[in-house]
Amino acid sequence: MASGSGDKKESELKPELKLYSYWRSSCSFRVRIALNLKGLKYEYKAVNLLKGEQFSPEFTKLNPIGYVPVLVDGDLVLSDSLAILLYLEEKYPHHHPLLPQDLRKKAINFQAANIVSSSIQPLQNLATLKYIEEKVSPDKQLAFAKHHIEKGFAALERLLKDYAGRFATGDEVFLADLFLAPQIRSAVERFKMDMTQFPVLCRLNEAYNEIPAFQDAMPEKQLDSPLTSAS
């Protein structure tokens, strides 16, 4: 596992926060966006999922199930992106709030985030697709992933059409956006999805791409990205 600064800037004081991340992980991507939005410095600890570093004794002490991301804050070790995001929101509520005050909008944020985190992302991750390859057929991987992405995106499109402004639930970035941006990018870049049938999500994606906090969290800008190593 390699280390580095999340914002790639030298600091006299070592950041208290450590984020164990994989450049291509959409779950890690969510947390990187939140840390950037809140202006929190952190130490980037790269975990190479393709090499199986998530199953090393060092990492499974942090997260026995072997998933990224993991956030270390002093003596607190926390895994699961939603748990991490809610922890950061509670600890740093005035650093760009991730949840709106309006109860209805807050509920929609949770619903949209849950569609991504429970009905899309787990069905396209490395472990699931590897299982499909081994137990069913390598030829079925892409179709399986795209089926579940399309199903989830259709639900999100219907859910957000009456709430979306510039972003998912209005004109401010909230929790739902942190889940949507990585998922849409993964669908487009990794699974080559045709997004023309999802105009709301397409418009949101364009807005995300203009925000520095999202740009700096992009997979290709992380220290463990092959694109970073090649540059």
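A crossing of two helices is left-handed if the near helix is turned anticlockwise from the far one by less than a right angle, and right-handed if clockwise. I looked up α3 and α7 with that in mind, and their crossing is right-handed.

**Ground rules.** I am working on a predicted model, where local features need pLDDT of at least 70, side-chain atom pairs count only at pLDDT 80 or more, and totals for chains, interfaces and linings use all residues. Residues are numbered from 1 along each chain as its sequence is written, and side-chain values use heavy atoms, with hydrogens and water left out.

**Whole protein.** I found 10 helices and 5 strands. These are DSSP runs numbered from the N terminus: helices are H or I with at least four residues, strands are E with at least two. The radius of gyration (over C-alpha atoms) is 17 Å, close to the 17 Å of the globule rule (2.2 Å times the number of residues to the power 0.38), so the protein is as compact as a globular protein of 231 residues. I noted a C-alpha box of roughly 45 × 45 × 35 Å along the principal axes. Of the 231 residues, 47% count as buried. Buried means under 20% relative accessible area, exposed over 50%, partly exposed in between (1.4 Å probe, protein chains only).

**Back to α3 and α7.** Two packed helices are described by the angle between their axes and the distance between the axes. Helix α3 covers residues 81–91 and α7 residues 175–189; they pack at about 145°, axes 11 Å apart. Axes are lines fitted to C-alpha atoms over the stretch in contact, and angles run from 0 to 180 degrees between N-to-C directions. Which residues of α3 and α7 meet? S81, L82 and L85 in α3 touch L175, L178 and F179 in α7, contact being heavy atoms within 4.5 Å. By class, I get 5 nonpolar, 1 polar and no charged residues. Nonpolar covers Ala, Val, Leu, Ile, Met, Phe, Trp, Tyr, Cys and Pro; charged covers Asp, Glu, Lys and Arg; the others, Gly among them, are polar.

Most residues other than glycine have a negative phi, and most peptide bonds are trans. I checked D80, in the loop between β5 (76–79) and α3. Its phi is positive, near 80°. D80 counts as partly exposed because its relative accessibility is 46%. K192 sits in the loop between α7 and α8 (199–208). Phi of K192 is also positive, near 55°. K192 is exposed at 60% relative accessible area. Last, a cis peptide bond joins V68 and P69, with omega about 5°. P69 lies in the loop between α2 (57–60) and β4 (70–73).
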